[in-house]
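Here are a few exercises to work through with the model open beside you. Try each one before reading its solution.

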Amino acid sequence: KADREAHKSDDLLKRNFTADVPLQKCVTNITEIPAKDGKLYVSAIFDCYDLLPVGLAMTDHMCTELYCETLKHANLRFPEICGAIVHSDRDSQYTRATYRAVIQKYGIVQSMNSAGGRCHDNARCESIWARMKEELFYHQGRKTEHYKMEELKFMVWRYFMSYWSNRRICSSIGGLPPAVKRQRFYAAVAVARFAS
């Protein structure tokens, strides 16, 4: 739940989840997956340009360290995330001083849902979670409670870092997998530089 006393950031996206270039605007959120031996919490940052998961972390508790680990993972993979807007809801973990310090350390611009906690303000991230659960579990007739957390971690990691990134066709980005859209962007940038 949001901490009413904590400092909040403005909603810089205002439900506009499109971007012209990679690492301009990102969305982040957390989802809970029941396991045989507890609950797995998955935190991710997705790039609005191509839906690529730029940061991903998982653990058995929903504390600020998980959110900070997601930022750390994103910065390790993509140091150019410096200057990007990262949009979240107003959960207390996103308003804590620890999280805000990591945001500042990496030069990220924080954005949050508007007051009132409307789920549509982070609809892009919510829809990716729903798609993952449908494709990885429900559509396959799998119950998450039949798997231990370590098994679920492997399944979720493989889904996002292998299938989603490289093979999953996403209609909202022109019917391409995220990594293909990103490769095409940088190929076009290289051609333009060579031509000039």
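**Exercise 1.** Among contacts in the chain between residues at least 6 apart in sequence, what percentage join residues at least 24 apart?

*Solution.* Keep in mind that this is a predicted model. Start with the contacts between residues at least 6 apart, then pick out those that join residues at least 24 apart: they make up 65%.

**Exercise 2.** Work out the order of the elements, then check the chain's radius of gyration against the globule rule.

*Solution.* Count first: there are six helices and five strands. Read from the N terminus, they run β-β-β-α-β-α-α-β-α-α-α. Next, take the 196 residues; a compact globule of that length would have a radius of gyration near 16 Å, and the chain has 17 Å, so the two agree. The C-alpha trace spans about 55 × 45 × 30 Å along its principal axes, and buried residues account for 51% of the chain.

**Exercise 3.** Which elements give two or more residues to the largest nonpolar core?

*Solution.* Begin with the core itself: it has 33 residues, and those touching the most other members are Ile-33, Val-42, Phe-46, Trp-129, Met-132, Val-156 and Phe-160. Now the elements: strands S1 (25-35), S2 (38-47) and S3 (53-59), plus helices H4 (123-136) and H5 (149-166). H5 gives the largest share, eight residues. Apart from this core lies another, of 25 residues, including Ala-57 and Tyr-94.

**Exercise 4.** Leaving aside neighbours within four places in sequence, which residues are in contact with Phe-46?

*Solution.* Go along the chain: Lys-25, Cys-26 and Val-27, then Leu-51, Leu-52 and Pro-53, and finally Cys-125, Ile-128, Trp-129 and Phe-160.

Technical notes: Residues are numbered from 1 along each chain as its sequence is written. This is a predicted model: local features need pLDDT of at least 70, side-chain atom pairs count only at pLDDT 80 or more; totals for chains, interfaces and linings use all residues. Side-chain values use heavy atoms; hydrogens and water are left out. Helices (H or I, at least four residues) and strands (E, at least two) are DSSP runs, numbered from the N terminus. The radius of gyration is taken over C-alpha atoms; the globule rule is 2.2 Å times the number of residues to the power 0.38. Buried means under 20% relative accessible area, exposed over 50%, partly exposed in between (1.4 Å probe, protein chains only). Contact means heavy atoms within 4.5 Å. A nonpolar core is a set of buried Ala, Val, Leu, Ile, Met, Phe, Trp, Tyr and Cys residues joined through side-chain atoms within 4.5 Å.
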